[in-house]
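Subject: Structure handover

Hello,

Here is the structure I promised to pass on to you. My notes on what turned up in it follow just below.

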Amino acid sequence: MRPVVVIPARLASTRLPRKPLADIGGQPMIAHVARRARAAGLGPVVVAADSVEILAAIEGLQGVTGVLTHPDLQSGSDRVAAALKHFDPAGVHDVVVNLQGDLPLVEPDSVARALLPLQDPGIDLGTLVTQVRSPAEAQTDSVVKAVCAFPAVGEAGPQEDRQTARALYFSRQPVPWGPGPLWHHVGIYAWRRQALEKFVQLPPGLLEQRESLEQLRALEAGMAIGCARIARSFPGVDTPGDLARVRKLVQEGNLAEAEEVGWPS
C-alpha cells in the first residue's frame, strides 16, 4: 500500500465556527491534527482546506501540504477526493486515510491502525472501533455504534483474538440487541482510492439519510467496510464545550484521560 493522509478542514462549522483555527495550547487545532498525522509515518499529509486562512495556519509545518478546495463541497469525503486529485493526479497513492480535522488528540498509532483491515483484499475501506464503556455512552446519539462481531475486551479466546471484523451496520442506536459488547465507531477511514472515487459519485442512500451517517452509503452500495479495534477513543471537537475540555486536557497534560471526553456526559 502507498498511503496518503488527507485532513478535510472547513471554516463554516455550524456549532463551532472557524473550528480548525481554534487555539489549543497556543497552536491552531488543524496544526495539532496535522502533526499527529505526520507522526503516524504513513506517507504524505495533505490538509484539504476551504479557505486560505486554514492554509496559512499550517504554513511551515514540515511534511504537510495544503490544498485549497471549493468551499461548497458537500462533505469531508468530497473534499478529500478533490484534494487527492489535485495533489496526486498520477495516482501514485492507492490508499487515502481520511482523518477528520477536529481530532487534535488523535493517537498516531490509531491513525496507522485504520489500514489494518485493508490487508484483506475484499475490504474497500477500513475504520476503527473501541468498546463502549457505559450505558450512558451506549445511549448517546452522537456516539455512533458499529455492528461488528468482536468478543468483549478481555474475553477473547485463542480462536477469537482477532483484531479486525466486517462492519454489518452503523447506527446512533445501541445495536445489536442482546447481551454482549457494543462498539463505538471512531470516524477515521482508510479508503482504497478506487472505492473513494466511486463513493463520491454515488447519490446519498436512504439509510444514510435516515441515520445521518455517510458511511451507510458505502454499505448500501455493496462496499465492504472492515473495522480494527483500538483500546480507547479520543475526543472530537464539535462544540464550545468540547473545545474547553480539550484545552483543559492539553493544559494539564492529562492526555491519558482523553477518551473520557470523547462523547457527551
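Let me start with helix α9, which covers residues 240-252. This helix has 13 residues and spans 18 Å from its first C-alpha to its last, close to the 18 Å expected at 1.5 Å a residue. Please keep in mind throughout that the model is predicted.

Which residues of α9 are buried? They are D242, L243, V246 and L249. Looking down the axis of α9, you will find these buried residues within an arc of 125°, so they line one face of the helix. Part of the cover over the buried residues of α9 comes from β2 (23-24). Just after the helix, G253 has a positive phi of about 65°.

Next, helix α3, made up of residues 76-87. Its 12 residues reach 16 Å from the first C-alpha to the last, close to the 16 Å expected at 1.5 Å a residue. The buried residues here are S77, D78, R79, V80, A81, A83 and L84.

Now to the strands. β10, residues 183-192, is mostly covered, with 8 of its 10 residues buried.

- β6 (residues 95-98) pairs with β10 in the antiparallel sense over 4 bridges, and V97 has A190 as its bridge partner in β10.
- β7 (residues 125-131) runs antiparallel to β10 and is joined to it by 6 bridges; here T130 stands opposite H184 of β10.
- β8 (residues 145-148) is also antiparallel to β10, with 2 bridges between them, and A146 is partnered with W183.

If you go through the side chains here, recall that in a regular strand they alternate between the two faces of the sheet.

The structure holds 11 salt bridges. In one of them, the side chains of R193 and D88 meet at 2.6 Å, N to O. R193 sits in helix α6 and D88 in the loop between α3 and β6, so this pair ties together parts that are 105 residues apart in sequence. Both residues are buried.

R193 also forms a salt bridge with E197, at 3.3 Å from N to O. These two are 4 residues apart in helix α6, which means about one helical turn separates them.

Another salt bridge links R217 and E208, where the closest N and O atoms are 2.9 Å apart. Both R217 and E208 are buried. There is also a network: salt bridges that share partners join K19, D102 and D238.

Finally, the cysteines. How many disulfides does the structure hold? The count is 0. The pair to check is C148 and C227: the sulfur of C148 is 4.3 Å from the closest cysteine sulfur, in C227, and that is too far for a bond. A pair would have to lie within 2.5 Å to count as a disulfide. Seen from the other end, C227 is in no disulfide either, and its nearest cysteine sulfur is that of C148. Both cysteines are tucked away from the surface in the sense that C148 is buried with a relative accessible area of 10% and C227 is buried with 0%.

Best wishes

Definitions and conventions: Residues numbered from 1 in each chain as written. Predicted model: local features only at pLDDT ≥ 70, side-chain atom pairs only at ≥ 80, totals over all residues. Heavy atoms only, no water. Buried < 20%, exposed > 50% of the residue type's maximum accessible area, 1.4 Å probe, protein only. Pairing = 2+ DSSP bridges. Expected span 1.5 Å × (residues − 1). Arc of directions from axis to C-beta. Contact = heavy atoms within 4.5 Å. Salt bridge = Lys/Arg side-chain N within 4 Å of Asp/Glu carboxyl O.
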